[in-house]
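Here is my note on the model you sent.

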Amino acid sequence: MIEFQQVNKVYDDGFQALKDINLTIKKGELTAFIGPSGSGKSTTMKLINRLITPSSGKVLINGEDIMTKNPVELRRNIGYVIQNVGLFPHMTIGKNVAVIPHLKKWDPKKIEPRVEELMRMVNLDPEVFRDRYPSELSGGQQQRIGVIRALAADPDIILMDEPFSALDPISREQLQDELIRLQEELNKTIIFVTHDMDEAIKVADTIVLMKDGEIVQTGTPESILRHPANDFVRTFIGQKRLDGDMNDGIGIDPESIRVSTVDEVMVTQPATVTPNRGLAEAIKIMSGRKVDSLFVVDKQRKLLGIVSIYRLLNQYGEENKTVKDIMRPIGYQVSPGTSLPEAVEIMSNARLTNLAVVDDDGRLVGLLTRGSIVQHLNEVYPTIVEQFASNLGEEA
Amino acid sequence: MDFQWTLSDLISYMSRNSGMLWEYFVSHVIMVLSGIGLAIVIGIPLGILASRHEKLGKVILTITNILQVIPSLALLVLLMLAIGLGAKTVIIGLLFYSLNPIVRNTYVGLKQVNPSYIEAGRGIGMSPLQLLVKVRFPLSLTYIMSGLRVAAVIAIGVVTIAPLVGGDGLGREIYAGINGQNPLRIYAGAIPAALLAIVSDIVLGYFQKKLKFDDRKSSKRTGKASKATT
């Protein structure tokens, strides 16, 4: 368990980087510090291994004040992963992983198997990678090594300073998944600094949201999403704000939803087919886009009609038929700028699964689907979704 | 002057006097190595010191700079007045002369190490000394090598004026040639000295490249090894 008690950090130039930090980090949990740059999240983390010394206040690990400990000794017992990987470029991967056990003067016979074990843990074959140098690995591979280097001496606490932020999105995803998997196995106390809310929600047990050197909110990802403490948190967790109709509380005026128009909600690339396509081709397009109906449009994207999978299958035997022979006219459509409630009303009255948005020239500009409406509501205001959900619950 | 004649004559002169020339050559090399050796022993710690203390660093770098600006002949003569004739004057002169490139390059080398490696080293619990030995120093070797390379080439040149202050080396042959108005002897001294400078430049240049660790590669890397998972 790590405890911050009344911690302040003021730099020589008078800049107050941290204000009155009081925080308890639970053992065996992954705690994410999140906030915009300059919020003090990295500074707070670096207090734990004494890379930064507080101006006042105490940091305790398992009840012991860390200022009473030798900083070098302390750091050897706390894993540390930094943003820019920080693998030593002049050492092989094997040596990099072994660097802390070496510093701790482990028996060399113990180090070698440990290095292999760790490399296997992140699916990097020791035979292939041990004797390579960091520059010969991809960014994702390097950061995997960065993570296992921190794990090498089996510390209870691991600090990770924006470990994945420099990676491409795919490697980042993978490493996040691996971190979750490792954490399930190892149950370390991990402090994870990030500025990416999605990442924090994905990996963290507890999120500590910081701004301007202060803790704004602490809680599980779920509770922060459901009960953002203030506007800052709300913006930070990516809820779209509506124009000027918000009183600052959590109670939301459902009327605010009127501001939305179909343009914000619609899917802009609906699945379409040109009238001269054969029926087999149309089915192929459907399966590719995973939809059950296609809008038939001409080269100018003028909407001509719609074909459903049922009609297609009905007529499938007739090889000479094309889409235009079996399409049906569009029953309902709306023009861009229609308000969302109006569109929703049409959909619910006519029991439509989707609704085409067609401009004055008859061109298909987008498609309103149930999925796109749900997604939009979730973005605009999860609380609304929640209210809907609870209303439904009461009705049921 | 018939070049053909001079060349064959030079070769026969050099082979006739190979024993003496070899002796000059060896003493030349020994003086260079001693001077540079001393400069390394003193200069690298000074460079480390300079990189640690900004103010002290300025003083150190200014002093070594001034030492190098003094013309070599004047420096050696001044030293001779202080210490007397002989090889030790030459060696100390070389030390003063080589100090600047070595101190400066050590300083720059240590300063240019990417801060994230230093932070990583500190964060995983390296003591300041371990950080220096295991991280900072290896990552500045290529700079230190380039300082050494400059120092060596300068030193090889400077040593040729050693005879003026009672030293040995290939300079002795050159001055004998000048005094006796014998171009053969000048060539016999100057050509090996020039070759020595060129060869050390190439060899040290090779090491300078070899010791560049910023994106070190394993030598036995094969094509198929790169198919590893991401």
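1. A term first: a residue is called buried if its relative accessible area is under 20%, with only the protein chains counted as cover. By that cut-off, strand S12 (residues 293–297) of chain A is mostly covered, with five of its five residues buried. Please keep in mind that this is a predicted model.

2. Now the two sides of S12(A). A:Ser293, A:Phe295 and A:Val297 point one way. A:Leu294 and A:Val296 point the other way. Side chains in a regular strand alternate between the two faces of the sheet. Here the residues on both sides are buried.

3. Which strand pairs with S12(A) in the parallel sense? That is strand S11 (residues 272–273) of chain A, through two bridges. The chain gets from S11(A) to S12(A) by way of helix H12 (residues 279–289) of chain A, and this β-α-β crossover is right-handed. Within the pairing, A:Thr272 is opposite A:Phe295.

4. S12(A) also pairs with strand S13 (residues 303–308) of chain A. This pairing is antiparallel and has five bridges.

5. S14(A) and strand S15 (residues 354–358) of chain A run parallel and are joined by two bridges. A:Val334 has A:Val357 in S15(A) as its bridge partner.

6. Is A:Ser372 buried or exposed? Its relative accessible area is 7%, so A:Ser372 is buried. The residue belongs to helix H16 (residues 370–380) of chain A. Leaving aside residues up to four places away in sequence, A:Ser372 touches A:Val265, A:Val267 and A:Leu367.

7. Two charged residues of chain A lie over aromatic faces. A:Lys110 is over the face of A:Trp106, at 4.7 Å from the ring centre. A:Arg149 is over the face of A:Phe88, at 5.0 Å from the ring centre.

8. Chain A overall: 17 helices and 16 strands. Buried residues are 50% of its 396 residues. Of the contacts between residues at least 6 apart in sequence, 61% join residues at least 24 apart. The accessible surface is about 19,000 Å², and carbon and sulfur atoms account for 48% of it.

9. Chain B has nine helices and zero strands. Its pattern along the sequence is α-α-α-α-α-α-α-α-α. Of its 230 residues, 44% count as buried. Residues 24 or more positions apart supply 76% of the chain B contacts with a separation of 6 or more. Chain B exposes about 11,900 Å², with 68% from carbon and sulfur atoms.

10. The whole structure holds three aromatic pairs over all chains. One of them is B:Trp22 with B:Phe25, stacked at 5.6 Å centre to centre with 20 degrees between the planes. Both residues lie in helix H2 (residues 18–52) of chain B, three residues apart, which is about one turn of the helix. How covered is the pair? B:Trp22 counts as exposed because its relative accessibility is 57%. B:Phe25, at 23%, counts as partly exposed.

Conventions. Residues numbered from 1 in each chain as written. Chains lettered and ligands numbered in written order. Predicted model: local features only at pLDDT ≥ 70, side-chain atom pairs only at ≥ 80, totals over all residues. Heavy atoms only, no water. Pairing = 2+ DSSP bridges. Helix = DSSP H or I, 4+ residues; strand = E, 2+ residues; numbered from the N terminus. Buried < 20%, exposed > 50% of the residue type's maximum accessible area, 1.4 Å probe, protein only. Contact = heavy atoms within 4.5 Å. Areas by Shrake-Rupley, 256 points an atom, 1.4 Å probe, with all protein chains shown as cover. Phe/Tyr/Trp six-rings, centres within 6.5 Å; stacked < 30°, edge-to-face > 60°. Lys NZ or Arg CZ within 6 Å of the ring centre and 35° of its normal. Right-handed = clockwise from strand over helix to strand, strands pointing away.
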